[in-house]
Amino acid sequence: VAFCAHTILQDDILEVEDARLDPRFSDNPLVLRDPNICFYAGATLKLNDGSNVGTLCVIDSKPHQLNETQRLILSQLAVVASNMLEQGRLREIEKRMVAETAFINNVLSHSNDAIISLSLDGFVTYWNKAAEKLFGYKSAQMIGSALEKLLPSDETKENNKTKKLRKILKEGSQYEQVRVTSRGKKVVVQVSFSPNFDHQGTIIGATE
């Protein structure tokens with residue numbers, strides 16, 4: 001029944017000069033009864049991902065024909081409306097991401113396992129409370145520091161920065177390793193290593 005159901009299927013403006021004479025709409029209840037549509041012109045609202053999500057239209061109970069200026073204005077208004085919808089969609093996505101990030105951070109923060117995230121070049125980007133308790137370093141002391149800070153001096157060269165990281169990022173790995181606490185005590189830890197990806201699927205680091 002809706003005229004806009006036809007508009008949304010196309011990218012160009014749908015213009016019906018006189019719906020009473022158009023076989024697609026002549027028996028339409030919106031034409032035969034209130035609001036007695038005779039003239040209709042609608043432009044599709046499109047998001048950045050290419051999906052058609054709505055229409056912006058003008059109607060009248062008398063026949064009309066848009067001139068070029070009016071068609072341009074309708075198209076531009078549709079772009080403005082589309083941008084407003086896109087901004088609203090992005091705000092909702094951002095709100096969900098903030099909520100999800102807060103939830104994940106809360107779970108990681110209260111985990112009984114030490115959780116450490118690393119950049120591709122082997123520097124610490126995340127350090128939870130369990131890691132603080134296990135190794136004796138506060139988060140502020142470790143964020144931005146190289147992982148070698150936790151390695152015995154005789155193993156630092158062997159594990160230099162990303163040697164192990166690059167080797168196991170793609171598939172993930174589990175292994176035992178000796179780490180050194182802030183007080184110089186050696187502890188044997190079971191490390192479970194997995195890659196971190198960005199929204200495009202590119203590896204940007206790892207979490208252990």
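What follows is a short chat about reading a few features of this structure.

Student: What should I know before I start?

Tutor: This is a predicted model, where local features need pLDDT of at least 70 and side-chain atom pairs count only at pLDDT 80 or more, while totals for chains, interfaces and linings use all residues. Residues are numbered from 1 along each chain as its sequence is written, and side-chain values use heavy atoms, with hydrogens and water left out.

Student: Where is Asp18 placed?

Tutor: Helices (H or I, at least four residues) and strands (E, at least two) are DSSP runs, numbered from the N terminus. Asp18 sits in the loop between strand 1 (14-16) and helix 2 (29-32).

Student: Is Asp18 buried or exposed?

Tutor: Buried means under 20% relative accessible area, exposed over 50%, and partly exposed in between (1.4 Å probe, protein chains only). Asp18 counts as buried because its relative accessible area is 15%.

Student: Which residues is Asp18 in contact with, leaving aside its neighbours within four places in sequence?

Tutor: Contact means heavy atoms within 4.5 Å. By that rule Asp18 meets Cys38 and Pro63, once neighbours within four places in sequence are set aside.

Student: How about Phe103: buried or exposed?

Tutor: Phe103 belongs to helix 3 (residues 68-109), and it counts as exposed because its relative accessibility is 56%.

Student: Now pockets. How do I read those?

Tutor: Rolling a probe the size of a water molecule over the atoms shows where empty space is left. On a 1 Å grid over the protein atoms alone, a pocket is an open set of points where a 1.4 Å probe fits, with protein on both sides within 12 Å along at least five of seven lines; lining residues have an atom within 4 Å of a point.

Student: Which residues lie nearest the centre of the largest pocket?

Tutor: The largest pocket has 13 lining residues, and Thr101, Ile104, Asn105, Leu108 and Asn196 lie nearest its centre. Helix 3 gives the largest share of that lining, 6 residues.
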